[in-house]
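Dear colleague,

I am handing over a structure to you with this email. Please open it alongside the text, and take your time in finding each residue as you read.

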Amino acid sequence: MTQFKQKDWIKLSAVLWILMVCFAKDPAYAQSAGKDEPGPIVSRIIIEKKQFTPGFQVTPYPRIKDIKISGAFPLLEREILNAMQLYPGDVYHPKTFSGKEAVIVEVFKNEGYIAPVVNLDAAEDPTDGNFVVYVTIDKGDFFHIRRFEITGNRAFSTTRLKLRIKTCKSWLTPDFMRCFKKKVFNKDIQNLIRFYRRKGYPEIVVNSDVNKDAKTQNASIFVTIDEGPRYDIEFQGNKEFWGVTLKKDLTLFEEGNKKDFGLRKSIRKIKKRYRNAGYKDCRIEIKSERKQEAGMPVRNIRLLIYEGPQYVVNSVNLTGNYAFDSKKIKKQILTRTPGLIANGAWVQEILEEDKRAVTSLYLKQGYMNTVVKDEIKSHKDIKENTTYVDITLDIKEGVQTQVTSATIHGLNVLSDSEALEAITLKKGSVFRNYMIRSDENTLSSLISEKGYPHVTVKGTAVISKDNTQAAVTYEVDEGPFVRMGQVAYTGNFLTKGRVIEKELELNPGEPFSLNKFLESQRNIRDINAFDSVRFKTYGLKEKEDKVNLLLELEEKKPYYIQLGGGYDTEREFYADILAGDRNLFGLNKEIWTRTEISQIGYRGDLGMVEPRFMGTRIKSSINMFSEKREEFNTNFGTRDSGISVSFNSRLFQKFNADLSFVYAYKKQYQRDSEPIPAGEEDEYDPRRILTISPSLIYNSTDSYIRPRKGMFSSLLLDFSKGINNSLDNFFKYRLEIRKYYTPMENLTFALRGLFGDITRFDDGSTIPEDQLFFLGGTSTVRGFDENRLRFDTTGKALGGKTAILGNIEARIDLGPNFELSFFYDTGSIKNAILDQGSDDFRSSVGVGLHYLTQIGPMGVYYGHKLDRKANESTGSFHFTIGFRF
């Protein structure tokens, strides 16, 4: 081990760790250190940054410190807690257990267990007087599914139907897993009905009978299907819309067709589609015929569509408008002549909306009595079967009403000038009646923030006879002055009181502010140490002069451990373990450690997270790491160790910004005892590197595990500086964009583009091989071996300073948790370190199959090279966990 690792490493780590802890402190922390051990019954209150114990008792009962559940599998502990409606931090009382055991028993009976037994007990913790609740569950035996029969099905085979039924799939599993679950079975029946309807059987009826025998512990399931006729619907006379488009309006294949309700609703939707396209005279006739085909009942329905002429807007004219020019008014209306944006259809309902929009435009400028009427003239073009419509909107503007005076009565806490400045209906402004309500809310908010949460404001307006003047008056009843009283919190058995107090925007004695109260709620709910927070106010509803606040907190389990392992083509066999404490010393800080071992190396991390860096909304973290990595198909390996500090903040709703500082000790070495190539000796000397990495991420996808719509994009920058070398002096950036689009329920298109480039700060030397871009393999261009999109004459992977990647994938939902995908991948490595291989794009096509689990998809791909070179395979298989993008 080098001198750096023995001395410098330890010193640097110690300094950064101390800085991390110091950053988390503030004067309030220092003032209250050692004085705020968490208490479950009476919590401390901050008044001018000093603590005292309130003179009232929050509750005469101790609290539930923890709830320990045994025997809950296959249910989660959270499901048991939600069923009991009992959580850590709640008041403990013997009556608390009343009826809880029966609730849990019912939950397990719904899971298929015959006679579960539940015992609830509690033990007092002598250290603090609170109680730990023990829930012991003896599930006993469950009903085993011995028979599962489906009768009445003729259109689809029994095997095909059973593959769509989860209950039936459990029947195919080993005996100890054949548990009948009522909730799952009911959902299966609904899914079966939905399947038949979408296949053209809207009259499907499914009945079920479940016979349970407690003595033999067996359950026999009988499903009887009355398929009804298959519907074949044909459209005739439709010229404006394709049949595929009109089929989207056939709701009977989604909702059924009891007594032809679904068919009539579908026809109404089709007519609405035609009306919106300008066919107001459209008629639809139904021709229905029932017959037998191959012994199966079929209902042939022909929808005869008489579209009639299309009504197209030929012109839109305005008369009587003096306050606004025609161009501004026309921007408010949707009825327009044909163009790039508008289809030009004349729809009377839309025209009525346009008239209201014009009226609203005038109303915003004080014209209270504006009237808009339409005049329609039309002429037919028999050859084109089109009726052209000329529309004239006649506008009676009326007179503009202006505010001649604005008066506020009953105001004490605000000056007249402050109040009049805040309202919209000032003297000389145009009068808008709807703005009275807005001004009422504005004044109420201002006064409420001064400690008057019960304020009421009533506005009135007196309009002159000629409608040209309005006198506005606001009557204010401020109500009683209210101060913030005492704040107490219970359930924080681990979390220090100062962590909670720091998030409170209101201090006792201050004027009560609803805005600050709501902000305090958001702050405390954002504390990662809590599973749930309940706020209770005392005195607000009663209009007392003080409002006391009680916070009932439920803490998360602080310690966690996660084990994982598996196989994928990038790493082959791997295993990892993650453990941590999400509430270190009760300070809402997280410390964690992670170790991963795979066939390409190992990595170990030790990290700490501060969610409120220096009291801000910025999350900071420090991480020490050590790694050895030997990527497949490369002739080198790397050993890295170092420390990183990062800062993360959410910008707006869908943006995340991150800034990282990484100090690393890196050593590159030759694999398989190969000699170091001449002229590359410097790359294999130990290197110390400082990297500053800002990044920005945008994410609007609907799911992290299985995205079906939205977009993900990221921009990552690396400013690298070699401390004892010049090889690592470069600027590196990567821009990635992903788009997900689902045009049909069972079809999703996923697209990805990636561009990366490395630019040296000088032209003196090359880039170390371990810093270059490599493509090929499971995550980039499938069909190629890992990292071997470009390779040298010996067959080893070749990296470059520029990488371009594109992926297109169609994902088809096959049902029963299976998904089929077809893909096209292409990529290029440019500016390689050796003048071998090619800068040209290399591509592949292929197919993949995924099995969807609760933690993500597991899948296999096969990619076929479209430009196979000599001595290359035609393609490759890839095994994955999770989608690659």
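The model is a predicted one, in which local features need pLDDT of at least 70 and side-chain atom pairs count only at pLDDT 80 or more, while totals for chains, interfaces and linings use all residues. Residues are numbered from 1 along each chain as its sequence is written, and side-chain values use heavy atoms, with hydrogens and water left out.

Let me begin with the sheet. Helices (H or I, at least four residues) and strands (E, at least two) are DSSP runs numbered from the N terminus, and two strands pair if DSSP finds at least two bridges between them. Three strands form an open sheet with mixed pairing, in the order E9-E11-E10. Strand E9 (230-236) and strand E10 (283-293) stand at the edges with a single partner strand each, so one side of each is left without a neighbour in the sheet. Strands E10 and E11 (residues 296-306) pair in the antiparallel sense over 11 bridges, and the bridge partner of Ser288 in E11 is Ile301. As background, strands of a sheet pair through backbone hydrogen bonds, either parallel or antiparallel.

Next comes Gly278, which is found in the loop between helix H10 (261-276) and E10. Gly278 counts as buried because its relative accessibility is 0%, where buried means under 20% relative accessible area, exposed over 50% and partly exposed in between, with a 1.4 Å probe and protein chains only. Leaving aside neighbours within four places in sequence, Gly278 is in contact (heavy atoms within 4.5 Å) with Pro309, Gln310, Tyr311, Ala345, Trp346 and Val347.

Finally, the aromatic rings. Rings of Phe, Tyr and Trp (its six-membered ring) pair if their centres lie within 6.5 Å, and planes under 30 degrees apart count as stacked, over 60 as edge-to-face and the rest as tilted. By this rule the count comes to 30 aromatic pairs. In one of them, the rings of Phe241 and Tyr274 have their centres 5.0 Å apart and their planes at 85°, so the pair is edge-to-face. This pair links distant parts of the chain, since Phe241 lies in the loop between E9 and helix H8 (243-247) and Tyr274 in helix H10, 33 residues apart. Both Phe241 and Tyr274 are buried. Tyr567 and Phe879 also form an edge-to-face aromatic pair, with 6.0 Å from centre to centre and 65° between the planes. Here Tyr567 is partly exposed at 31% relative accessibility, and Phe879 is partly exposed at 39%.
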